[in-house]
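Start with the view below.

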Amino acid sequence: MTDDHAHPAPAPPGPTSPRTDHAAAGTPSTPPTLRACLDLLPAGLPLVDGRSAGEIRADADRAAQLFTEAGVRGRVTGLRVPNGAPWLVALLGLLDAGAVPLLVAADTPVPELERVLRRAGGDRWVRAVDGVGRPELETTSSAGPGGPGSTTTTPPPLLINTSGSTGTPKSVARGQRSLLVEAAHYRDRFGVRRGDVLLLPLPLPHAYALSWLACGLLVGTDIRLPAPTALRAVDSALRTEATVAALVPSVSRLLLARAGGRPAPDSAPLRVAALGAGAVDASLARDFPATYGVGLSRVYGSTETGVIATAPPHVPPLTVGVPVPGTVTRILDAGGQPVPPGVEGTLSVRMDHLDGWVDTGDVVVGDDHGVLTVLGRRSTAIRRGDRWVSPVEIEGVLREHPEVVEARVTGLRIGEAGDNAVLAEVETTGPVAVDPAELMRFARARLTPYKLPSEIRPVTSLPRASSGKVLARPRYRPAEPAALLAAASAHRVSDVVFALARSGLLDVLDGTRDALEVAADTGLPPVEVEALLTTAAELGLLLRGPAEGGPPPGSTGALGTAIDEERRRRAAPDLPTAVAPPPGADAPAVQAARRMSSLRRAVLLGTARDRGRRALARAAPPPAARVLEVSADGPHCLTTLLAHDPRASGVLVDLAAAVDVSAVPGRITVVHEFPVPTAPTRCADEDSVAAADGSRVVAGPEVRAMRFDLCVVRDAVHLPGPGSDVAALLAVLRPGGTLLVDDLFTEDLGHDGGAAVDRVASGETAWASAQDLATGLRRLGAVEVRVGGDHGGPCQVVARAPATPTGPTEGRPE
């Protein structure tokens with residue numbers, strides 16, 4: 001976490017010799033449980049989204065009774081409910097009933113939820129809570145052996161999932177007492193008091209949001225819980241009613257982008273804006289107070305420890321402040337020895353609610369007064385010669401470019417030891433990627449030479465945790481040999497194991513290199529390697545981060561031989577060639593993989609005609625609509641629409657260039673590629689070729705000027721090209737127009753390893769997850785983004801263009 005608060009600068013500590021540990025004494029006293037805090041509040045006190053403390057108490061009592069009757073006591077029970085008062089009611093009800101709540105984001109796909117529950121020893125989860133506290137429980141497959149499911153701890157802890165950005169995702173147990181101590185630190189250092197309006201536009205299962213929610217219960221604030229994507233509501237609350245706000249960097253940057261430089265209101269009640277789960281860089285420190293009238297305070301900590309340090313807004317970028325009371329810090333070198341002030345080292349902390357010293361894994365610098373500045377994770381901080389380079393600093397500089405939305409900087413161990421290559425991946429604001437050379441010139445003017453990236457690479461989207469934090473590039477190692485050998489004999493999942501073994505990847509994965517480094521070492525294509533490793537990790541065949549205590553015995557040599565023997569015994573198809581240098585789109589292996597993917601879509605999604613009808617029913621285009629369809633097998637959606645609406649028209653982007661133009665109705669224009677939108681341009685005669693029935697194949701400019709009411713992307717979002725360029729597709733929609741993506745995603749495929757390998761082999765590596773696509777669309781400004789297929793059914797992703805025009809418009813045909 002990282003957050004900023006307006007408390008006075010600490011007085012310089014008294015001298016010690018030698019100075020190695022920094023401590024702040026006096027852990028605050030709090031009630032023992034969250035429910036105890038609620039019970040101390042007056043019944044009529046406004047508490048959560050217009051509900052009073054008495055109403056929340058009554059609903060929580062009802063939920064606890066129903067949970068008790070369901071037998072949840074001592075059992076791990078998932079909580080997957082959207083932000084709001086019902087979420088708090090369900091949490092309090094589970095705790096009162098003696099359950100161990102496992103908190104997951106509301107948009108977590110059910111297959112992933114079940115994996116997390118099994119890992120924790122649970123077998124049921126809460127999917128909804130009605131308006132009077134009645135919960136809906138769902139049962140998954142049987143609980144796994146052991147785990148926290150048999151706990152009898154009183155009061156029960158909460159299980160919070162880590163993002164997995166630095167290793168394998170895991171569930172961390174946090175006691176209610178530790179959450180309330182953290183809440184008391186916020187109360188004391190930020191001056192939170194009863195009567196404050198506390199704004200929490202954060203996913204509540206995240207540890208940072210949960211501790212602030214606990215602060216609201218402890219103090220008795222009026223808590224507001226908008227969805228993190230409800231930027232208009234969040235912006236309005238910051239300007240008109242919130243007095244205290246807890247934010248994260250991603251939400252803060254989106255708010256600033258949406259504000260577009262609109263100045264701070266003359267008088268607003270906002271007193272504290274505390275930022276956690278990431279760093280405050282120079283641009284955030286500069287722009288937030290200009291827009292909202294207060295600077296960003298900092299909070300630094302982790303899921304396991306809770307808050308470690310806080311700082312006021314006026315400190316330099318990347319500074320996180322001084323330790324909270326009850327915390328002792330040490331900064332150690334690689335040999336475990338304390339370093340003097342001003343020297344980089346790894347931070348360890350000791351806190352009252354933890355056993356012994358905890359290695360945070362963060363590279364920090366401390367000054368003479370114990371003020372900490374974080375350079376980055378030990379696993380992600382970059383070493384160039386004898387100097388550390390902070391990825392956070394480089395990311396902050398790149399974000400200052402007007403066309404960069406987000407950045408991720410990674411040190412790659414390619415070349416000489418101790419001299420990392422630096423890869424900077426950037427998301428941009430528009431449908432056209434920024435020239436990397438322009439970004440390099442921009443960085444060169446703002447960074448010393450040893451901090452300059454080796455490469456700047458524009459990307460469509462960067463992966464994020466539920467909190468919005470950009471995830472570090474994962475580094476993989478093989479799972480236990482027994483799991484890999486068992487998978488080699490399992491139906492279709494074995495294809496992934498064979499691909500790992502035959503490509504030689506199993507021999508080089510040691511948990512310390514990411515996909516790009518592995519690709520450089522093996523000479524295999526990076527895109528295919530990354531797709532295969534991601535798939536294998538989702539299937540449990542790879543783990544993240546290095547193994548504790550070194551690799552397991554028996555994990556070399558014999559394992560590869562055994563897997564190869566199993567492949568020969570089953571006469572498995574030679575799909576592992578998917579990660580060999582690509583033979584081209586016309587190669588038999590690629591064509592076979594694409595045929596299989598097409599058949600899989602037909603089985604799971606139905607006929608093209610049925611899918612067209614379903615798409616139109618969900619999108620509900622207006623009369624006389626203009627529709628853009630991106631597809632490789634014809635204008636099925638457009639044909640269905642034209643049969644019911646004689647005034648409709650549209651454009652087909654024919655990806656396969658196989659449509660018989662003479663058979664296409666005259667109100668459909670066919671193009672073979674889709675240019676980036678521009679201002680309306682009159683189409684030259686040579687740009688259009690008339691067919692016998694009046695339909696046309698258009699080369700570009702005429703389509704470039706069009707705006708559409710609906711865009712349907714069918715079976716094309718995973719391939720490079722116009723189907724996956726969602727920024728360009730949003731840009732050609734009229735204000736309020738609809739984008740509908742109809743395809744199979746990882747959420748639909750479950751553990752079908754064969755399907756995953758087919759997708760890698762056929763080059764379908766873009767937007768693999770429906771949730772990732774939804775997140776990317778929101779970042780591009782889309783609104784009302786929805787994902788279908790909750791219970792493993794086929795996914796559709798639907799979004800609308802914002803009501804404010806983003807490009808040239810033209811009237812709907814009369």
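Which side chain meets that of Arg262 in a salt bridge? The partner is Asp235, at 2.7 Å from N to O. A salt bridge here is a side-chain nitrogen of Lys or Arg within 4 Å of a carboxyl oxygen of Asp or Glu. The model is predicted, so local features need pLDDT of at least 70 and side-chain atom pairs count only at pLDDT 80 or more, while totals for chains, interfaces and linings use all residues. Residues are numbered from 1 along each chain as its sequence is written, and side-chain values use heavy atoms, with hydrogens and water left out.

Back to the pair: the Arg262–Asp235 salt bridge spans 2.7 Å. Arg262 sits in the loop between helix H8 (249-259) and strand E13 (272-275), and Asp235 in helix H7 (residues 231-240), so the bridge ties together parts 27 residues apart in sequence. Helices (H or I, at least four residues) and strands (E, at least two) are DSSP runs, numbered from the N terminus. Asp235 is buried, at 5% relative accessible area. Arg262 is partly exposed, at 38%. Buried means under 20% relative accessible area, exposed over 50%, and partly exposed in between (1.4 Å probe, protein chains only).

The structure holds 46 salt bridges. Another joins Glu425 and Arg408, at 2.9 Å from N to O. Glu425 belongs to strand E24 (residues 421-428) and Arg408 to strand E23 (residues 404-412), 17 residues apart. Glu425 is buried at 5%. Arg408 is buried too, at 7%.

Arg800 and Glu784 form a further salt bridge, with the closest N and O atoms 3.4 Å apart. Arg800 is in strand E36 (residues 796-800) and Glu784 in strand E35 (residues 783-787), so parts 16 residues apart in sequence are tied together. Arg800 is partly exposed, at 26%. Salt bridges also link up into a network, whose members include Arg253, Asp281, Glu395 and Arg399.

Now the cysteines. How many disulfides are there? The count is zero, a disulfide being a pair of cysteine sulfur atoms within 2.5 Å. Take Cys37: the closest cysteine sulfur, in Cys215, is 9.9 Å from its own, too far for a bond. Cys37 is buried, at 1%. Cys215 is buried as well, at 0%.

Last, the surface. Asp107, Glu112, Glu538 and Asp772 form a negative patch. Asp772 lies in helix H25 (residues 770-779) and is partly exposed, at 38%. Patches are made of residues with over 30% relative accessible area and no salt bridge; like charges are joined within 9 Å, and nonpolar side chains (Val, Leu, Ile, Met, Phe, Trp, Tyr) within 5 Å.

Notes. Accessible areas come from the Shrake-Rupley method with a 1.4 Å probe; for residues, only the protein chains shown count as cover. Lys and Arg count as positive and Asp and Glu as negative; His and the chain ends are not counted. The place of a charge is taken as NZ of Lys, CZ of Arg, CG of Asp or CD of Glu.
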